[in-house]
Amino acid sequence: MWAGIMISIAWLIYTYAVIGGRKSGLSAKYLVAFALGFLLDFWGTYEMYLLAGQEIVVDFHSLTGIASLLGMGLHAALALAVSVFASQKADQAFHKVSIWIYTLWCLAYFSGLIFHLASITGD
């Protein structure tokens, strides 16, 4: 249960960072949100790995999950780099990349919900 809660909180924080950073620019609060979203997702993913008996099943959810987790880490690092070097061109490129990483992360998040609900209902 805690793993799902951590990942859901990560989704909320990450959504806040992506949308807020896009609307008003990257500020310290969005940098913290990117990092916190990544850390919570990493922690929740690790907890789910432990719950699964340390077994990774290769399916759509696990592939998108691993790719999006790596993307989130890269995203947080890029957010920091863009804010430090403060270039208009880098900021625009960051927000384009941001949408792709966020979309991938949402695919992983919602596919996990769907697969979990399907396993509960037996479908």
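L63 counts as exposed because its relative accessibility is 52%, where exposed means over 50% relative accessible area, buried under 20% and partly exposed in between, with a 1.4 Å probe and protein chains only. The structure is a predicted model, in which local features need pLDDT of at least 70 and side-chain atom pairs count only at pLDDT 80 or more, whereas totals for chains, interfaces and linings use all residues. Residues are numbered from 1 along each chain as its sequence is written, and side-chain values use heavy atoms, with hydrogens and water left out.

The elements that give two or more residues to the nonpolar patch are α2 and α3, and α2 gives the most, with four residues.

The chain contains four helices and zero strands, in the order α-α-α-α along the sequence. Helices (H or I, at least four residues) and strands (E, at least two) are DSSP runs numbered from the N terminus. The C-alpha atoms fill a box of roughly 50 × 20 × 20 Å along the principal axes. For 123 residues, a compact globule would have a radius of gyration near 14 Å, and the 15 Å of the chain agrees with this; the radius is taken over C-alpha atoms, and the globule rule is 2.2 Å times the number of residues to the power 0.38. Of the 123 residues, 33% count as buried. The chain exposes about 7,700 Å², of which carbon and sulfur atoms supply 74%. Among contacts with a separation of 6 or more, 77% are between residues 24 or more positions apart, a contact being heavy atoms within 4.5 Å.

The largest nonpolar core has 22 residues, of which Y14, L26, F34, F94 and W105 touch the most other members. Such a core is a set of buried Ala, Val, Leu, Ile, Met, Phe, Trp, Tyr and Cys residues joined through side-chain atoms within 4.5 Å. At least two residues of this core come from each of α1 (2–24), α2 (28–51), α3 (60–85) and α4 (88–121), and α1 supplies the largest share, seven residues. Apart from neighbours within four places in sequence, Y14 is in contact with F34, M72, H75, I101, Y102 and W105.

Helix α1 also holds T15 and G20. T15 counts as buried because its relative accessibility is 15%; G20 is buried as well, with a relative accessible area of 10%. Not counting residues up to four places away in sequence, T15 touches G20 and Y102, while G20 touches T15, G25 and Y30. G20 and V32 are twelve residues apart in sequence and 12 Å apart in space, C-alpha to C-alpha.

In helix α4, V97 counts as partly exposed at 34% relative accessibility. V97 and L39 are 58 residues apart in sequence, with 20 Å from C-alpha to C-alpha.

Key. Accessible areas come from the Shrake-Rupley method with a 1.4 Å probe; for residues, only the protein chains shown count as cover.
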